Amino acid sequence: MARNLGFLVVALLVLASSCDSAIFSPVSESHRSAALELFSPIDGSFGSLEETYEALKTFEVLGIKKKPDIRTSACASVVDTLQSTSSALKDLFHALRVNGILKCDLSNEAFTGIESRLKDSLNAANSLLDFYYSIGGLMLVKDQTSVVHVHLGDADKIFRSIKALSQSDGRWRLSSNNPESSNDAAGIALETLAGVISLASSEIDHSLIATLKNDIAKLFDGIERYDDGTCYFDEKLVDARGHHGPLSASASVVRGVTAFAAVTSESLNLPGEKILGLAKFFLGIGVPGGAKDLYYQILALACLENIRGSVPLILSLPATVLSVTKKDQLKVRLSTVLGSSAPPLSVKLMQIFVSGSKDASIIDQKLKFDPDNSVHVLEKLPPNVNVGNYIFSFEVVFDDPEHKKNYVTGGRTKVPIHFTGIIKIDSAEIAVLDSDLGSIESQKKLELPGENAVALSANHLQKLRLSFQLITPAGQAFKPHQAFLKLRHESGVEHIFVVGNSGKKFEIVLDFLGLVEKFYYLSGRYEIQLTVGDSVMENSFLQPLGHIELDLPDAPEKAARPPPQPVDPYTRYGPKAEITHIFRAPEKRPPRELSLAFLGLVLLPFFGFLAGLVLLRANLKNWPKSTVPATFASLFHLGIAAVLLLYAFFWFKLDLFTTLKVLSILGVFLMFVGHKTLSHLASTSAKLKSA
């Protein structure tokens, strides 16, 4: 997810580089809703202790009170991790961070044992992450208990060991065996060194602090910056901790610089415009789509909220689309990145730029502060503001000059503002003109926008003229983005024309003599439709005006034919008309008595067959006595019975093809068993004759 967000951020900044103004808003309810959705426990747990801390810290910074209750499972995991002698250094660190928020039940002996293990790990540390987890863990132990007194007697030595991993450009390596340096590692190193300074039993060598301040200055020299003021630390490194994009790298540096600024009494002289640019970077992302990305963003903003001497103030607008017609007031809000109130200050409107132009109007007008809503209001727009797109340039002035030492505003802030209004449409008319003299044959007034149903007629020697005027609320001529006239033939063929303007008047004249080929010589009724629209025009419209009957000459033999019109998918694939089928009435059945008499006649030959067998004295004397011949004889007679039964099924139920399939199988069976039976009878008869 971090990788995808990194690409998204880069794309966002490339887009931002094409303009010098943008709008940034502090953390809002959208972030809180996203946090509850992204940090959702499964079976009462967030998974690892690292994920648990990220969720709890995000909830804490955002002030979310109705959060999932995972205290029981999380504290059980914390206690098990801290009491286990086989726990990894990283797990100990994250367990202590979770305990710092949840305040789980741990004995003083447990903290004593943890301190001893962390110091042992610190003595054996050979990488930046080992120092980070050890120092960070000791800092957490110091903050969570007053019984254990955590101090570093060899702080200078540890400081120099960590400093040995720094590079000349302000970036750091994760270990001496890894030649790759990164901004992410620089943030980790600064945060670790801040812990070393805090835990030192004696003051750190001043030259080391001065060198580290110089490294921070070099680090900020390599920051990426764009025209809208956005700044970020780029990163393309992939290491054991995963992929580090601009978000994670920038967040790491901000955490490190904030931690270092909090423990040193000296001023870091951080570049205020770059700190503000980092704040704009984190806010410009919006609401990240991943839990870890949201954690990076919120924690970095929390650090910027409390960074000593460089707290950024964000100028935002509750609404950037204002209606001139409704006389909407321009409101400006100043707050910290997390939405806290700014110190007493004034906001001045200094300049107004027309979007797309370098010309500016000098205003220097102070906005009125509304204490109830904590916004600065421009009660009346300057007279030169009309509908359209503008860029307003604001300047922030602190009431107390001392606040300049603690807050940064970035000088003048440019904000794009969109002014809309109702455009007056005047002198709208449509007319048919004679081609030769240009005299008006018929003319109709139009109500735009409104209901119109004009009915005109013309031939190929005449013209159609449509004209109207557009006037802004300030009384100036207005040119919309779209002004189209469409004529649609009854066959479905459409023709669209752009309505041009000359000064205040929009006019289009259609000379039908020159358009007969474009109209494919199609005479008949044409529906007229006018479209006028613009993003700043509140009353944009697309409406029919009526129709015109055109009488055009017959098409020559080689004239172009109208293109085939697309078939409406609904008529092709939509529901078909219901088919109503009337079955013929059943034929009249014969009387029941007649049917029974016919059944008797059908069965009569069967009874005659039985009587014939009796008269002929049929017997079963020749039935085979042996087992095998008797079996074949029985199967032969059962096969004949099966054929007769098949005929009965054919009569009542089966179709001819099914009957023939079954009969073919029975026929093969009867031929086999019948051959065996007749062979036995022939053999028996031959034996009797020879005897």
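Let's start with contacts, meaning heavy atoms within 4.5 Å: among those in this protein between residues at least 6 apart in sequence, 70% join residues at least 24 apart. Please keep in mind that this is a predicted model, where local features need pLDDT of at least 70, side-chain atom pairs count only at pLDDT 80 or more, and totals for chains, interfaces and linings use all residues. Residues are numbered from 1 along each chain as its sequence is written, and side-chain values use heavy atoms, with hydrogens and water left out.

Now the overall build. The protein has 18 helices and 27 strands; these are DSSP runs numbered from the N terminus, with helices being H or I of at least four residues and strands E of at least two. Its radius of gyration, taken over C-alpha atoms, is 47 Å, well over the 26 Å that the globule rule (2.2 Å times the number of residues to the power 0.38) gives for 691 residues, so the protein is more spread out than a compact globule. The C-alpha trace spans about 140 × 105 × 50 Å along its principal axes.

How is the protein divided into domains? An automatic or database domain assignment supplies the bounds: domain 1 (26-134), domain 2 (151-310), domain 3 (314-420), domain 4 (424-557) and domain 5 (624-690). Take domain 3 and domain 4: their centres, over C-alpha atoms, are separated by 43 Å, and 11 residues of domain 3 are in contact with eight residues of domain 4.

On to empty space. Rolling a probe the size of a water molecule over the atoms shows where it is left. On a 1 Å grid over the protein atoms alone, a cavity is a set of points where a 1.4 Å probe fits but cannot get out, a pocket is an open set with protein on both sides within 12 Å along at least five of seven lines, and lining residues have an atom within 4 Å of a point. Grid points are joined across faces, edges and corners, and volume is the space filled by probe spheres set on the points.

The largest pocket has a volume of about 1,300 Å³. It is lined by 42 residues, and the closest to its centre are Tyr53, Phe93, Arg97, Tyr132 and Glu191. Which helix gives the largest share of that lining? That would be α7, with nine residues. Domain 1 and domain 2 each contribute at least three residues. By class, the lining has 19 nonpolar, 12 polar and 11 charged residues, where Ala, Val, Leu, Ile, Met, Phe, Trp, Tyr, Cys and Pro count as nonpolar, Asp, Glu, Lys and Arg as charged, and the others, Gly among them, as polar.

Of its 13 lining residues, Lys280, Leu313, Ile314, Leu315 and Thr413 lie nearest the centre. The lining divides into 10 nonpolar, two polar and one charged.

Leaving aside residues up to four places away in sequence, Lys280 touches Phe24, Asp228, Gly229 and Thr230. Across the protein, buried residues make up 43% of the 691.

Note on methods. Buried < 20%, exposed > 50% of the residue type's maximum accessible area, 1.4 Å probe, protein only.
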